[in-house]
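I opened this notebook to record what I looked up in the structure. The entries follow the order in which I consulted it.

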Amino acid sequence: MGRDAAILLDGFDGQSKLLLRALMSGTSGTRRALTVFQRLRRASSNFSLGSFVETLCRDKISCLEDESGPLEIKPLVCLFPTSFKQNLLSFLYLVQPHLPESAVLPLLKCLVHETGTSPWVTALVKQLEVRSGTHREQPLCTNRCTQRLKELSKRLVGTGEVRGWATYFSSPRTSSELKEVPDVSELGTQRKRRGSFIHLDSDSEETEQHSKRRKMEDECADKGEGVKAMMPVVPESVPAVIPPPEKACEALPEDMKVSYLQIKELLQSQADVWDQNATDLFKVLNNCDLRQVEVFCTRLKFPELPEHILPKLCGSLLSLSPDLSYSTATSLIRHLLLEKVLALSEPASRCLVMAVASLCDRYPRSTCHALIGPVLDDKNIGSPQVELLNRLIEGCLESHYKLLVLQLTFKVEWSEAVLSIIHSLLDSEPFLNAEVFTQFTEQLVTQGPSFTKSVKFAKMMFTALTKYGSLVNAAHKHSLSACLMSNETFLKKSLLSALKRIT
């Protein structure tokens with residue numbers, strides 16, 4: 001840490017310093033700060049952000065790097081880089097229900113009065129002011145930005161009246177509308193569902209416009225999760241994804257109701273082979289928005305389908321052209337496979353393995369989020385699930401998707417079963433960058449005390465040290481050394497020797 005950064009951290013208590021370091025970690029700062037905040041709250045029910053925000057508002061001399069320059073007194077928050085301010089404001093937006101209004105307003109005033117503020121910081125400040133009820137007169141963006149967003153909306157959903165999220169930029173929201181945000185404890189679930197609401201207008205049934213939405217959706221999915229964590233989303237009034245069961249079919253247009261009945265009849269038939277006409281029935285999925293896909297999956301009872309039907313059904317899905325969108329594939333995989341995989345008490349059947357492998361090969365990202373992630377998070381994961389996931393890792397996933405699965409393990413509590421999967425991932429040698437390896441090291445140190453007698457944990461650490469020793473720096477070495485000292489397995493000496501050999 002540089003001298004200036006150390007000066008900025010001076011005056012904060014230990015817990016606040018953890019938050020500051022998380023917020024200073026680049027584009028992932030908001031997500032990391034939220035994780036730190038949740039852990040601090042679990043560790044101490046009395047933990048509060050009040051003193052943290054108060055310290056940021058204190059005046060401090062602004063001359064840090066060039067001591068010969070003019071001295072100026074500014075609030076401490078104004079001395080941090082722009083990226084920190086963006087992360088801080090996004091973080092405060094997410095945790096504002098846990099903050100007294102009197103704690104946030106002084107911080108916002110400090111940033112409002114700062115000269116040369118970036119437009120991004122200004123917009124986030126306004127957004128927080130709107131949430132606090134102190135900024136109602138002006139919209140959150142400039143007139144030029146408003147006009148461009150309206151034009152973009154018209155291109156995406158067609159000509160005519162602007163609807164959906166675009167109406168947000170036409171007039172300011174009231175304070176009561178903006179305060180309807182979920183608690184921090186619900187953010188993980190909200191983040192998983194956020195892809196469900198990517199369609200701009202649920203009333204639109206135009207196939208061409210839906211195709212455009214699918215392209216945008218897939219592009220967004222390929223860019224990863226980092227940017228999502230930085231940008232707080234002001235929720236609109238979003239309709240439920242799944243209508244009540246008695247009204248589910250009514251939510252479908254007439255042509256889709258016909259397709260639903262035909263697919264239902266096909267699934268109930270005992271035909272050994274589906275001809276091309278049967279396969280063509282599933283083309284309707286390419287014309288569905290996510291709400292309609294959920295209706296199909298629910299009404300057709302995909303989780304209850306017998307396993308012998310899965311290869312034929314998956315074959316029909318794989319024959320569709322163009323490919324299914326990310327959200328559609330995710331929904332189908334979740335409904336078709338997740339419940340069956342979680343229920344395994346013995347090795348998966350040949351039909352289930354074929355279905356899982358075929359969909360994973362074509363839709364790996366959807367499989368990671370809809371199947372692999374939930375299985376890793378399940379408390380009852382056992383050897384049948386481990387065996388199936390290891391087959392996917394070895395035979396279906398490319399290196400960058402293996403890296404994604406490894407990152408998914410950072411979000412769950414480790415067990416012996418999860419350790420086996422991590423070991424298989426590391427053994428397949430996916431490309432790890434320094435940032436991911438640092439996150440992995442943090443998990444080893446955090447979750448390691450629960451596995452002092454675990455041979456699986458020791459073997460997994462040995463694989464990490466031997467295959468990724470080039471990524472181990474001095475800080476890693478110190479943390480890992482302390483972790484290994486508590487190891488009680490017969491591999492302790494080998495682990496310490498492997499760590500010692502790393503220069």
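The model I am reading is predicted. I began with phenylalanine 440 and listed its contacts, leaving out residues up to four places away in sequence. Phenylalanine 440 touches Phe410, Trp414, Ile422, Leu426, Met460 and Ala464.

As a general remark, nonpolar side chains in soluble globular proteins tend to be buried together.

Where is asparagine 487 found? I located asparagine 487 in the loop between helix H25 (474-485) and helix H26 (492-501). Is asparagine 487 buried or exposed? Its relative accessible area is 4%, and because buried means under 20%, I recorded asparagine 487 as buried. Its side chain is joined to that of threonine 489 by a polar contact of 2.6 Å. Setting aside neighbours within four places in sequence, I listed Thr452, Ala458, Lys492 and Leu495 as being in contact with asparagine 487.

I counted 26 helices and two strands. Of the 503 residues, 48% are buried. Among contacts with a separation of 6 or more, 74% are between residues 24 or more positions apart. I noted an accessible surface of about 25,500 Å², with 51% of it belonging to carbon and sulfur atoms.

Terms used
Residues are numbered from 1 along each chain as its sequence is written. This is a predicted model: local features need pLDDT of at least 70, side-chain atom pairs count only at pLDDT 80 or more; totals for chains, interfaces and linings use all residues. Side-chain values use heavy atoms; hydrogens and water are left out. Contact means heavy atoms within 4.5 Å. Helices (H or I, at least four residues) and strands (E, at least two) are DSSP runs, numbered from the N terminus. Buried means under 20% relative accessible area, exposed over 50%, partly exposed in between (1.4 Å probe, protein chains only). A polar contact is a pair of N or O atoms within 3.5 Å; within protein, one must be able to donate a hydrogen and the other to accept it, and residues adjacent in sequence count only if both atoms are side-chain atoms. Accessible areas come from the Shrake-Rupley method with a 1.4 Å probe; for residues, only the protein chains shown count as cover.
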